[in-house]
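Q: I have a new structure open and have not looked at it before. Can you walk me through it?

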Amino acid sequence: MTAAMRLGVLGSPIAHSRSPRIHAAAYAALGLDWRYDAIRCGAAGLGAFLRGRDAHWRGFSLTMPLKEEAHRLADALDPVATESGVVNTLHRLPDGGWFGSNTDVAGLARALGQAGLDATRTVVLGAGATAVSAILAARTLGAERVAVLARRPRAVEELLDRFGGTSAPEMTGAPLGDASAVRAAASSATLVVSTLPGPAGREIPLPDGLAAAPLFDVAYDPWPSPLAGRWRAAGGVAHAGLEMLVEQALIQVRLFLHGDAEAPLADEAGVLAAMRRAAR
């Protein structure tokens, strides 16, 4: 496993990704001559792309719009990927197949914990693949209530149908256009996690009081994001998603190196510090 290996981050668009510099820093710190590239790939081409990779390709990070398609294509799944329906990491199995993992949930939970944020009553903005991971991360941190607010009412309903039957956290949701429901969610929020694409933050309504809760915006480039800028202008505190990117990447490195998300790296603290420096 110390021989040169190929890895990459797949998505479309992908040129903006900081994953190559973050992963490169990790492998350099570990003394590995591994190459990690950003590769543009759409959902329709993912299957053919994976079938065309030889044994030198160790694994991939997946970003928009590939996370659900990667879940469908994976030959085996970890429990979080199974529950979430989302795969953001593929690593090669000994038989040449692909094992799908979701490192977003643990990465976001770790980032929220590092920032000292209280997930007791979490508002999630958005209803896509990353919103699913945000719901599960809030649950990991002991959330009592999660409110999902998104532009697409049907997407909100699907998330409530999917997660609302569990005993905890209590799930509620509403379209962002429903002013009274949004105000009700805002009135008791301890944390807001935005999973919206950066440009969407320019347009969504911000009800009075929502910015009283700290914002964790998974967007990080550019920073401050449009939503974070509005949050701060309203007197609130906004955290960038860069720490989530680094924390989930650390778990990916464990998977690529050991095939085990729980197996720590040699001098993991030093590797993580190098990854954080590269991210910034």
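A: One term is needed to begin with: two strands count as paired if DSSP finds at least two bridges between them. Note also that this is a predicted model.

Q: Fine. What is the strand order in the open sheet with mixed pairing?
A: The order is E2-E1-E3-E5-E6-E4, which makes an open sheet of 6 strands with mixed pairing.

Q: Which strands stand at the edges there?
A: Strand E2 (35-40) and strand E4 (76-77). Each has a single partner strand, so one side of each is left without a neighbour in the sheet.

Q: What holds paired strands together, in general?
A: Strands of a sheet pair through backbone hydrogen bonds, in either a parallel or an antiparallel way.

Q: Now the other sheet. What is the order of the strands with parallel pairing?
A: That open sheet also has 6 strands, in the order E9-E8-E7-E10-E11-E12, and the pairing is parallel. Strand E9 (170-175) and strand E12 (238-240) stand at its edges. Each of these two has a single partner strand, so one side of each lacks a neighbour in the sheet.

Q: How are neighbouring strands of this sheet turned against each other?
A: By 20° on average, with direction ignored.

Q: How many bridges join E10 to E11?
A: 3 bridges join strand E10 (residues 191-194) to strand E11 (residues 215-217), and the two run parallel. Val 193 has Phe 216 in E11 as its bridge partner.

Q: Which strands do H6 and H9 lie across?
A: Helix H6 (residues 129-140) lies across strand E7 (121-125), strand E8 (145-150), E9 and E10. H6 runs at about 175° to E7. Helix H9 (residues 226-233) lies across E7, E10, E11 and E12, at about 165° to E11.

Q: Changing topic: how many salt bridges does the structure hold?
A: The structure holds 13 salt bridges. One of them joins Asp 37 and Arg 6, with the closest N and O atoms 3.3 Å apart.

Q: Where do those two lie?
A: Asp 37 lies in strand E2 and Arg 6 in strand E1, so the pair ties together parts 31 residues apart in sequence. Arg 6 counts as partly exposed, at 24% relative accessibility.

Q: What about Glu 247, which residue does it meet in a salt bridge?
A: Glu 247 meets Arg 110, at 2.6 Å from N to O. This pair links distant parts of the chain, 137 residues apart: Glu 247 is in helix H10 and Arg 110 in helix H5 (residues 104-114).

Q: Is Glu 247 buried or exposed?
A: Buried, with a relative accessible area of 0%. Arg 110 is partly exposed, at 30%.

Q: And which partner does Glu 243 have?
A: Glu 243 forms a salt bridge with Arg 276, and the closest N and O atoms are 2.7 Å apart. Glu 243 lies in helix H10 and Arg 276 in helix H11 (residues 268-279), so the pair ties together parts 33 residues apart in sequence.

Q: Why does Glu 243 count as buried?
A: Its relative accessible area is 16%, and buried means under 20%, so Glu 243 falls in that class. Arg 276, at 22%, counts as partly exposed.

Q: Which residues are linked in a network of salt bridges?
A: Arg 110, Glu 243, Glu 247, Arg 276 and Arg 280.

Q: Last topic, the whole chain. How many helices and strands?
A: The chain has 11 helices and 12 strands. Buried residues make up 54% of its 280 residues.

Q: How does the radius of gyration fit a compact globule?
A: It agrees: a compact globule with 280 residues would have a radius of gyration near 19 Å, and the chain has 19 Å.

Technical notes. Residues numbered from 1 in each chain as written. Predicted model: local features only at pLDDT ≥ 70, side-chain atom pairs only at ≥ 80, totals over all residues. Heavy atoms only, no water. Helix = DSSP H or I, 4+ residues; strand = E, 2+ residues; numbered from the N terminus. Salt bridge = Lys/Arg side-chain N within 4 Å of Asp/Glu carboxyl O. Buried < 20%, exposed > 50% of the residue type's maximum accessible area, 1.4 Å probe, protein only. Rg over C-alpha atoms; globule rule 2.2 N^0.38 Å. Axes fitted to C-alpha atoms, helices over the stretch in contact; angles between N-to-C directions. Contact = heavy atoms within 4.5 Å.
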